[in-house]
Each structure stands twice: as structure tokens, then as C-alpha cells.
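Trainee: Could we go through this structure together, a piece at a time?

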Amino acid sequence: MIEQIEISSLDLRYENYRLKSRIAEKALLASIIEHGVRDPLQGVDLGDGIRILLNGFKRYRCAKKLNISIVPYRSFGSDEPLGIIKLIRISNSKTLNILEQAKLIDELQNVHGMCNADIAGLLEKSKSWVSMRADILKEMSEYVMKRIFEGDFPVYSFMYTLRQFIRMNSTSKQEIDAFIKAVSGKGLSIRDIELLAYGFFKGSDDFRQQIKKGNITWGLNRLKGSAAETTECTKAEQSLLRELELIQSYMQRITYRVRDDRLGTDGFHAQAALLTKGIIRFMDRFSKSIRAFHERCEQA
């Protein structure tokens, strides 16, 4: 049931659990100016007219900017942890991404004392689904978490670029902090952040120091200049380099996408089983071939 409530009655304790996006909020502000707040904000009722807001923080901020005092609202009940569970259950990738799910699950575990099995049961998910999200936060420092949730650093770049350095190279949290501090809030594309990350974590100490000093444009020009040198290769060499780049990119993406709980139809499983069977059959030969090729290139 949707009701109209005073915006001043909303408790914002979970505002920092949701990612901010200046671009999305700007577009929403324009929509609200024209149409008003159409979708209800959602939360749990504490009684005495106090409501904890769980979903709709962008709408809340836009309404405040426009001096809108009455907004539509839908209650998830009066139980705070069950309200969080309901939000996670009804959300999709557009309304609640994996880091936001992780933050709310951490709240359920550490504030409300719920174990993985209880959370998994209420969400109708596996315990591994819950554990995977809980583990994400352990890889992040408070500084990194703040920059991501403030919208200064793209969540995609952390999930699919930086996490591979954390896991594969045992990169320290201090090094991750230094990189994110250097590139956050610069309006860089995901591709530019990926380029800079490879230079920062796998390049020379001189390059690393230049990035820490804020010489981002210099770093990008140097990296893009190095990439341009591949035009001096033969056509066959350029072709293989492009294919290797694609393989690396798809391996990173697929590693995380196969964990997506939205992949569950019978037709999908049948086709995926056939494709993965072929991949597994060829995997050992592929791995040996790539290792041998890598050693040959390093010795050249």
C-alpha cells in the first residue's frame, strides 16, 4: 500500500549503503521537476511516525532540493532486518548492485547478528551466494569503500579490474588506496582506469610515482603510445595481440558473470553445459600452450 508521507519523517541511516551517481541524480532531478516523485520511496516503520529509508535516496535528495515536503512511500513493515531482506529479494541489478547487497548483508551479520545460513534461507539463495558478497567487503579498505559509494570511482573498475590484482598479485590495500586516490574524481573512462591500473601495478616504480603525483595525462599518453607501437608489428602479430587482449578481457568478465544468480533458466543451463564441456576439454592444452608462449616471449 502506497501512502503520502512527510519527507522529514525519514531516517537516513542507510544512505551511505547505497551508491551515488551524479549523472543519474541529475537526470532524475529533471524528471521530478516535470512529473514529480512518481515511484514510492521504501523503508520500515519504527513507530511514532519515524521511518527508516532503505530505497529511494536519489528521489529523497532530489525532492529536498526542490523543496518537496510530501512524497509517496511504501512500507516493508516494522522489522528492520526483515525489511532489508525484502529489499534484497525484490531488487535487481538496476536497483541494488552487488556491492550494495554486500553492504546490507554485512549489516545483517554484524549489527543484527544473523548468520549466513539464516540470511540465505530468508533470501532463498545459497550460503555461497551470501558468503561471496560478504567477502567482497573484506577486500576493501574504508577509504576505497567511501570513494566508490560516493560515486568518485566506478564500481565496475573495482570489481573487474582492481580485484584481479588483489587476488592474483597479493596487492596490498595500501597500494589499492594509493591508486584510487590518484584517479578518483577525474572523470576517467573505465578503459582509461584499466590502462592506468595495469601500468600502476605491473609497470615501473617511476610510472607508479608519476601517477601518485597526479600526472594522469602523462601516464595515459605514455600507455597509449606504447599500445600504438603495436602497429610496427606484422599483420599476423597484430591479429594475435588483439585476440590475446580479447581473451584476457573475456576471462576476467566470465570469472565473475558465472556467479550471477539471475542465470537460472533450463534452456540457458542446457546450452551453457554444452559450451563449457567443450571449453573444459580444451583447457589443459590451451593453458600449456599459453604458458610456453609466455616463457618464449619473456626470453626473447
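Mentor: Happy to! Buried means under 20% relative accessible area, exposed over 50%, and partly exposed in between (1.4 Å probe, protein chains only). Helices (H or I, at least four residues) and strands (E, at least two) are DSSP runs, numbered from the N terminus. This is a predicted model, where local features need pLDDT of at least 70, side-chain atom pairs count only at pLDDT 80 or more, and totals for chains, interfaces and linings use all residues. Residues are numbered from 1 along each chain as its sequence is written, and side-chain values use heavy atoms, with hydrogens and water left out.

Trainee: Which residues are buried in helix α5?

Mentor: Helix α5 spans residues 116-123. Seen down its axis, the buried residues fall within an arc of 100 degrees (taken from the directions from the helix axis to the C-beta atoms), so they line one face of the helix. The buried ones are I119, A120 and L123.

Trainee: What is the bridge partner of D45 in β4?

Mentor: Two strands pair if DSSP finds at least two bridges between them. Strand β3 (residues 41-47) runs antiparallel to β4 (residues 50-55), joined by 5 bridges. In β4, D45 is partnered by R51.

Trainee: What separates the C-alpha atoms of V144 and D177?

Mentor: V144 sits in helix α7 and is buried, with a relative accessible area of 1%. Leaving aside neighbours within four places in sequence, V144 contacts F158, I176, D177 and I180. V144 and D177 are 33 residues apart along the chain, yet their C-alpha atoms are separated by 6.1 Å.

Technical notes. Contact = heavy atoms within 4.5 Å.
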